[in-house]
Amino acid sequence: MSDTKLWSYYDGCSEGGREGWSQVQLGSDLDGAVTGAPGMHFSFQQIQHLWSQFVEYQLNYYPPYCELEKIVNLTTDACDALDGRIDGVVSRTDLCKLHFNLNSTIGESYSCSKTAEIIDFMPYIPAQNGTVTKEGVAVAQEILNGAHDNLGRRIYMSYQPTAQFQDAVTSYNETTGEYGAYFVEQSAQWVEIGLNLLTNISALSSFEGVTRDTFRDWIATGFQRHYDSLETTWPDLSVWHDAGRKIMYPNLSYNQSIAELDDWYRLFLIPGGAHCGANSLQPIAPWPETTFSTLIDWVENGIEPKTLNGNIQSTGKQQQICGWPLRPLFTNNGTDAECVHDQKSIGTWKYDLDAFKMPTF
Ligand SMILES: [Ca+2]
C-alpha cells in the first residue's frame, strides 16, 4: 500500500469566490484555494449595488447609459498613459484616482446604438446621442466617491475609475421617452426579503423615505443578521492555516503583515479586468488563465507565485501580473514591465468606514 497524498483544491469566482472563502474561514481540509472577485462582505455588497441608483434619485438625474459609458471611455483614454504604456489598458486605476478630474469629460459627444450592443443584461434602450452633461458627471463622481451617511461618514468604498457603471443603468419609458430608475433585482430583493423579512417575493421599487443613513442601517442590519453565513468575513484563518496566527497580524505594521501573509496568501489585482472575465472595453488587458496550475505548483512543488501569468486573448501574448502590494509600472517607452512599491497608491485602496461603530474589516 502506498500512502500517496490525495490533494484537495478549490477554484471559484464571484459567489463561487465567496463560497471558497467560506470554506477557508470554516477551516476546511483544502490544501489550497483560488478565490476570484469574492462576493464576501455580503451585506455591504448588496446594498452597494443600490447606491448608484440612489445617487441618481438624490441628484434627480437619470443619465442614458451611453453617457456613463462615454465617461468611462474618456477616463480610460485619459488614464491609459499613467502606467507608463499607452495600450488602452489602465493598469494603474490608483493613479487615475489620484490624478484624473471627471469634469474634463463635460461637453464631449456620445453616440450608442441600442442597448443590446452596450451591455447584455440591460432593459431595452433605444439608440442614444448627446453630450456629456455636468449632471451626468455629478452622478459619476458621487458614485465613485462611494456611499456616505447623512453626516458625511464613509459607509463603503466604490468601484475603481474605468469600471463600468452597471449599477447606474437607467430604464427607458417608451411612452414618455424619459429615463428613470432601474433597480438591481437581487439587491432590491435583499432589502425586502433579507432585511425586512417579507416572506413573499418582493423587491424594493422606490427610494421614498430612504436617506443615506438608511443605507448605513441596511448594511448594519444585514451584517448582524447574516454574519455567520453570507457575510463571509471571519478574520481568524488559523484553523485553516494551522499555525495559530491571525490573518490581520494586529501587532505588525501594514507592510510587515503583508510580508507575513506572503508565505501562504497572495492577492493579485488584474489590470483592466472585468468581473470574473476579460473586459471588452480594454481588450489588450491580460487575463489569468492558468491560476489553478499556479496554485498547485505552489502547494505541491513549492514554486512561489511572485507574479501571476496573464494571457492577452486578442494577441495571444503573455503578461505577468503583479502581486499586492506591488503595482505595475512600465518604463522604457512601455517596453519594460516592473512591479513597484508606491505607498501613495496603496493608500488609495485603504478606507476608514467610519459610519460604523462595529469593526468593518
Ligand atoms: Ca496603459
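Tutor: Start with a definition. A crossing is left-handed if the near helix is turned anticlockwise from the far one by less than a right angle, and right-handed if clockwise. Helices here are DSSP runs of H or I with at least four residues, strands are runs of E with at least two, and both are numbered from the N terminus.

Student: Before that, what kind of model is this?

Tutor: This is a predicted model, where local features need pLDDT of at least 70, side-chain atom pairs count only at pLDDT 80 or more, and totals for chains, interfaces and linings use all residues. Residues are numbered from 1 along each chain as its sequence is written, and side-chain values use heavy atoms, with hydrogens and water left out.

Student: OK, which hand is the crossing of α2 and α6?

Tutor: Left-handed. The axes of α2 (residues 42-59) and α6 (residues 185-195) come within 8 Å and cross at roughly 125°. Axes are lines fitted to C-alpha atoms, for helices over the stretch in contact, and angles run from 0 to 180 degrees between N-to-C directions.

Student: What do you call that orientation, α2 to α6?

Tutor: Oblique. Angles under 35 degrees count as roughly parallel, over 145 as roughly antiparallel, 65 to 115 as roughly perpendicular, and the rest as oblique.

Student: Which residues meet there, α2 against α6?

Tutor: From α2, F42, S43, Q46, I47, H49 and L50. From α6, Q186, S187, A188, W190, V191 and L195. Contact means heavy atoms within 4.5 Å. By class, the α2 and α6 residues in contact are 7 nonpolar, 5 polar and no charged. Nonpolar covers Ala, Val, Leu, Ile, Met, Phe, Trp, Tyr, Cys and Pro; charged covers Asp, Glu, Lys and Arg; the others, Gly among them, are polar.

Student: What do the buried residues of α6 pack against?

Tutor: α2 and α7 (212-231). Among the buried ones are W190, V191 and L195. Buried means under 20% relative accessible area, exposed over 50%, and partly exposed in between, with a 1.4 Å probe and protein chains only.

Student: And how do α2 and α7 pack?

Tutor: At an angle of about 160°, with axes 8 Å apart. That makes α2 roughly antiparallel to α7. The α2 and α7 crossing is right-handed. Residues including F44, W51 and F54 in α2 meet residues of α7, W218 and F223 among them. The contact of α2 with α7 has 11 nonpolar, 3 polar and 2 charged residues.

Student: New topic. What coordinates the calcium ion?

Tutor: D80 through O and OD, D83 through two OD entries, R85 through O, D87 through OD and V89 through O, at 2.3 to 2.6 Å. Donors are N, O and S atoms within 2.8 Å of the metal (3.2 Å for Na, K and Ca); water is not among the atoms, so sites may look incomplete. D80 and D83 are buried.

Student: Where is R85?

Tutor: In the loop between α3 (65-79) and α4 (93-99). R85 counts as partly exposed, at 22% relative accessibility. Beyond its neighbours within four places in sequence, R85 is in contact with D80, Q319, F330 and G334.

Student: Which peptide bond is cis?

Tutor: The one from W324 to P325, with omega near 10°. P325 is in the loop between β9 (317-322) and β10 (327-331).

Student: What about H41, buried or exposed?

Tutor: Buried, at 11% relative accessibility. H41 has a positive phi, near 60°. N60 has a positive phi too, about 50°, but N60 counts as exposed at 61% relative accessibility.
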